[in-house]
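Subject: Structure for your review

Dear colleague,

Please find below the structure that I am handing over to you.

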Amino acid sequence: MTIAHTLGALSVMAGALLAAQAAQAQDNTFINPDWANSAWYLGAGVGQSRATIDEPRLRASLAANGESVTAFTKDQRDTGYKLFVGRQLNQYFAVEAGYFDLGKFDFKSTTSGNGVLNGQAAFRGVNLDLLGQLPLSQRFSLLGRVGMHYTKTNTEFSGNRLLGSTNTHASERKLNAKLGLGLEYKFSEALALRGEVERYRLNDAVGNRGDADLYSVSLVYKLGRPASATPAYQPAPEVAPVVAMPAPVVVAAPAPVPVAEKVSFASEALFDFDQSTLKPQGKAALDQLLGQLTGMDLEVIVTVGHTDAVGSDAYNQKLSQRRAEAVKAYLVAQGVETHRVYTEGKGETQPVADNTSAAGRAKNRRVTVEVVGTRKVMR
């Protein structure tokens with residue numbers, strides 16, 4: 001690959017990274033899965049390419065022409081890059097089309113009688129792949145790809161031992177298969193980082209057939225992310241206290257009656273995606289709840305975390321417990337006695353809506369806070 005090509009690829013990735021950081025600064029939550037599973041995306045990758053130069057065949061060809069090889073050196077590595085556009089078909093599959101340049105690979109040989117034979121092969125082309133994605137969690141996914149590529153190969157020879165060939169420059173265009181494996185990490189719904197190894201089946205311009213591998217790191221950015229508002233705090237209606245009727249003649253103040261108040265917070269109102277640290281908005285919502293407890297003789301508070309069904313059962317159970325503990329820690333920090341606050345994580349076991357839709361999953365991601373106590377009766 002030329003220096004200009006290398007700098008161009010790195011510039012593309014640097015621009016994508018800056019755009020990615022801006023996107024992350026605006027929104028780190030994962031609350032639009034339906035969009036993310038059907039979006040168009042752009043990507044750029046750069047890495048190391050490796051090919052195998054058929055040294056035994058070249059030595060045999062020289063020997064057949066009466067030459068004895070005295071030295072043979074080869075360079076089978078270069079910098080490769082790729083640019084691609086894709087479309088998510090669903091959570092598990094996407095289609096990608098791209099352009100790639102695998103770089104140049106060369107050899108130098110000397111033979112008896114001051115003979116010299118040098119060669120160089122360069123590969124670039126376009127590809128169309130089916131990409132499979134297996135989520136390990138909401139951020140990590142395994143990748144597998146299979147596809148076809150149409151590649152132009154340029155082969156050049158120089159020296160005074162050209163094996164009887166007068167064609168020192170040859171070109172070949174072929175359609176071949178390619179495979180790939182990798183791992184993807186999602187910074188947000190819009191931005192992801194991939195590490196991949198891809199194998200390209202290749203033909204050079206002088207009858208050789210082999211493989212070239214590209215080990216790359218890529219940035220992927222999904223287009224057209226919809227805006228989303230943070231769900232508002234929606235307290236449940238208070239349970240009306242039952243006031244005892246005064247006995248005839250004797251006027252007595254009504255006795256305090258135990259009440260239970262249950263409030264449900266959307267997880268996005270309290271936490272960033274896949275996090276258990278309260279956001280400033282979440283602390284404000286809990287402060288509002290604590291303000292409503294003024295004048296109550298508090299007996300107990302129960303915080304329960306819930307998740308949607310995305311990800312493993314064990315992971316969701318631990319996340320829901322951590323979030324319930326985070327709410328308790330904040331309430332205690334604001335003056336609630338620690339022995340009066342209990343926590344529980346329910347994971348994905350108690351959905352209140354259908355997990356197959358984005359709206360349903362958003363309802364299932366929640367933290368409930370139940371307060372039990374008695375309201376002080378003012379005379």
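The notes that follow go from the overall fold to individual residues.

**Overall picture**

Please bear in mind that this is a predicted model. The protein contains seven helices and 13 strands. Of its 379 residues, 41% count as buried. Among contacts with a sequence separation of 6 or more, 73% are between residues 24 or more positions apart. The accessible surface comes to about 19300 Å², and carbon and sulfur atoms account for 59% of that area.

In soluble globular proteins, nonpolar side chains tend to be buried together. Here the largest nonpolar core has 21 residues, of which Phe-265, Leu-270, Phe-271, Ile-301, Val-327 and Val-369 touch the most other members. At least two residues of this core come from each of strand 10 (258-266), helix 5 (280-292), strand 11 (296-306), helix 6 (313-333) and strand 13 (366-375). A second, separate core consists of 17 residues, including Ala-51, Leu-62, Phe-72 and Ala-212.

Leu-270 deserves a look in the viewer. Apart from neighbours within four places in sequence, Leu-270 is in contact with Phe-265, Thr-277, Leu-278, Lys-279, Gly-282, Ala-285, Val-327 and Val-367. Helix 4 (residues 267-270) also holds Ser-267, which is buried with a relative accessible area of 2%. Beyond residues up to four places away in sequence, Ser-267 touches His-306, Arg-323, Arg-365, Arg-366 and Val-367.

**Helix 3 and its packing**

Helix 3 (residues 55-64) has Glu-55, Leu-58 and Leu-62 as its buried residues. Viewed down the helix axis, these buried residues fall within an arc of 65°, and therefore line one face of helix 3. They pack against strand 2 (69-75), strand 4 and strand 5. The face turned away from the buried side carries the exposed residues Pro-56 and Ala-64. Just after helix 3, Gly-66 adopts a positive phi of about 80°.

Gly-98 is located in strand 4. With a relative accessibility of 13%, Gly-98 counts as buried. When neighbours within four places in sequence are set aside, Gly-98 is in contact with Leu-83, Phe-84, Gly-125, Val-126 and Asn-127.

Strand 4 also contains Val-95, which counts as partly exposed at 33% relative accessibility. Val-95 belongs to a nonpolar patch on the surface, together with Leu-89, Tyr-92, Phe-93, Leu-128, Leu-130, Val-146 and Leu-179. The accessible area of the patch is about 720 Å². Strand 4 (93-111) and strand 5 (115-135) each supply at least two residues of the patch.

**Salt bridges**

Side chains of opposite charge can pair when their charged atoms come close. A search of the whole structure finds 21 salt bridges. I would draw your attention to three of these pairs.

- Glu-198 forms a salt bridge with Lys-82, with the closest N and O atoms 2.7 Å apart. Glu-198 lies in strand 8 (residues 191-203) and Lys-82 in strand 3 (residues 77-88), so the pair ties together parts that are 116 residues apart in sequence. Both Glu-198 and Lys-82 are buried.
- Asp-129 and Lys-178 meet through their side chains in a salt bridge (2.7 Å, N to O). Since Asp-129 lies in strand 5 and Lys-178 in strand 7 (residues 169-186), this pair ties together parts that are 49 residues apart in sequence. Asp-129 is buried at 3% relative accessible area, and Lys-178 is buried at 1%.
- Glu-196 and Arg-145 meet through their side chains in a salt bridge (3.0 Å, N to O). This pair links distant parts of the chain, with Glu-196 in strand 8 and Arg-145 in strand 6 (residues 140-159), 51 residues apart. Glu-196 is buried with a relative accessible area of 5%, and Arg-145 is buried with a relative accessible area of 5%.

With kind regards

Conventions: Residues numbered from 1 in each chain as written. Predicted model: local features only at pLDDT ≥ 70, side-chain atom pairs only at ≥ 80, totals over all residues. Heavy atoms only, no water. Helix = DSSP H or I, 4+ residues; strand = E, 2+ residues; numbered from the N terminus. Buried < 20%, exposed > 50% of the residue type's maximum accessible area, 1.4 Å probe, protein only. Contact = heavy atoms within 4.5 Å. Patch = residues over 30% accessible without salt bridge, like charges linked within 9 Å, V, L, I, M, F, W, Y side chains within 5 Å. Areas by Shrake-Rupley, 256 points an atom, 1.4 Å probe, with all protein chains shown as cover. Salt bridge = Lys/Arg side-chain N within 4 Å of Asp/Glu carboxyl O. Arc of directions from axis to C-beta. Core = buried A, V, L, I, M, F, W, Y, C linked by side-chain atoms within 4.5 Å.
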